[in-house]
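I set out to record what I looked up in this structure. The entries follow the order in which I worked.

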Amino acid sequence: MIIAIDGPAAAGKGTLARRLAQHLGYDFLDTGSLYRGVGLQVLRAGGDPADPKAAKAAAERLDLKLLADPDLRDEAAANAASLVAAQPAVRAALLDFQRNFARKPPGGRGAVLDGRDVGTVVCPEAEVKLFITASSEARALRRLRELQEAGQAAIWDAVLQDMRDRDARDSRRDVAPLKPAADAVVIDTTSLSPDQVFEAALAIVDAKR
Ligand code: C5P
């Protein structure tokens, strides 16, 4: 079984995807980390993530060690990710890896992938498609807390603005824009706890098993 979980930043999809994968004994792939890795690789080489040549070269030769780099989680990597992710050549270079993972997960049981276009482009055949969303204020507040817990200085206005800019870029791009698949179940997590989101998602998965 393939479970596709899409949605905007900090809506809770990563937490949900990991928990579902652990509960079901499935393999988990955070597809955003691939785009972050490409963005970080361009930044580290002194390039511009908006430059198609630099971004394509990084996507075609992505150094997988970067996926475990602590800088992958910071806002600079997130913004670079959303710039490289708008480019068709970058998306094409990362597609096979994601599809192979979904169709032949290492553990052989099933796969949970989270991202922006898993249900629409990467795995349109997924048995379960969830679109996890929340208000931009709720998501910015979660991100602010995460940054503060990681000991990083963070300002509310800047975090909210960054979130809105990234949403706009991800939703308005021509290739694989952020949107729910026609057959996705939308869960708005604005006023739900992580446990409530997990229970709601598990009920949907169980109904399909
Ligand atoms: O999910 P995360 O915040 O780590 O993703 C970083 C960026 O990577 C997103 O803002 C988006 O631009 C891009 N992305 C994407 N398609 C995916 C996953 C992430 O375009 N499937």
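Entry 1: I take a residue as buried when its relative accessible area is under 20%, as exposed when it is over 50%, and as partly exposed in between. The model is a predicted one. I began with Ala10, whose relative accessible area is 14%; Ala10 is therefore buried under the 20% cut-off. I found Ala10 in the loop between S1 and H1. The phi of Ala10 is near 60°, a positive value in a residue other than glycine. I noted for reference that most residues other than glycine have a negative phi. I then looked up Ala176, which also is not a glycine and has a positive phi of about 45°. Ala176 sits in the loop between H8 and strand S5 (185-188), and with a relative accessible area of 15% it is buried.

Entry 2: the largest pocket. I asked which residues lie closest to the centre of the largest pocket. The volume of this pocket is about 1000 Å³. Its lining holds 45 residues, and the closest to the centre are Ala10, Lys13, Gly14, Arg143 and Glu146. Sorted by class, the lining has 20 charged, 15 nonpolar and ten polar residues. I listed the elements that each supply at least two lining residues; among them are helix H1 (13-24), strand S2 (27-30), helix H2 (31-44) and helix H7 (136-149).

Entry 3: nonpolar cores. The largest nonpolar core has 19 residues, of which Ile3, Ile5, Leu16, Leu20, Val112, Leu130 and Ile132 touch the most other members. Strand S1 (2-6), H1, strand S4 (128-133) and H9 each give two or more residues to this core. Apart from it I found another core of 13 residues, including Tyr35, Val38, Val84 and Val90.

Entry 4: Tyr26. Is Tyr26 buried or exposed? At 12% relative accessibility, Tyr26 counts as buried. Tyr26 lies in the loop between H1 and S2. Not counting residues up to four places away in sequence, I recorded that Tyr26 touches Met1, Ile3, Ala21, Arg109, Gly110, Ala111, Val112 and Arg209. I also took the C-alpha separation of Tyr26 and Trp156, which is 36 Å for residues 130 apart along the chain.

Entry 5: salt bridges. I asked how many salt bridges the structure holds. The count is 16. In one of them, the side chains of Asp30 and Arg73 meet at 3.1 Å, N to O. Asp30 lies in strand S2 and Arg73 in the loop between helix H3 (52-60) and H4, so this pair ties together parts that are 43 residues apart in sequence. Asp30 is buried, at 16% relative accessible area, whereas Arg73 is partly exposed, at 45%.

The side chains of Asp69 and Arg44 also meet in a salt bridge, at 3.0 Å, N to O. This pair links Asp69, in the loop between H3 and H4, with Arg44 in helix H2, 25 residues apart. Arg44 is partly exposed, at 46% relative accessibility.

The last pair I examined was Glu125 and Arg103, whose closest N and O atoms are 3.0 Å apart. Glu125 is partly exposed at 38% relative accessibility, and Arg103 is partly exposed at 49%.

Technical notes. Residues are numbered from 1 along each chain as its sequence is written. This is a predicted model: local features need pLDDT of at least 70, side-chain atom pairs count only at pLDDT 80 or more; totals for chains, interfaces and linings use all residues. Side-chain values use heavy atoms; hydrogens and water are left out. On a 1 Å grid over the protein atoms alone, a cavity is a set of points where a 1.4 Å probe fits but cannot get out, and a pocket is an open set with protein on both sides within 12 Å along at least five of seven lines; lining residues have an atom within 4 Å of a point. Grid points are joined across faces, edges and corners, and a volume is the space filled by probe spheres set on the points. Helices (H or I, at least four residues) and strands (E, at least two) are DSSP runs, numbered from the N terminus. Ala, Val, Leu, Ile, Met, Phe, Trp, Tyr, Cys and Pro count as nonpolar, Asp, Glu, Lys and Arg as charged, and the others, Gly among them, as polar. A nonpolar core is a set of buried Ala, Val, Leu, Ile, Met, Phe, Trp, Tyr and Cys residues joined through side-chain atoms within 4.5 Å. Buried means under 20% relative accessible area, exposed over 50%, partly exposed in between (1.4 Å probe, protein chains only). Contact means heavy atoms within 4.5 Å. A salt bridge is a side-chain nitrogen of Lys or Arg within 4 Å of a carboxyl oxygen of Asp or Glu.
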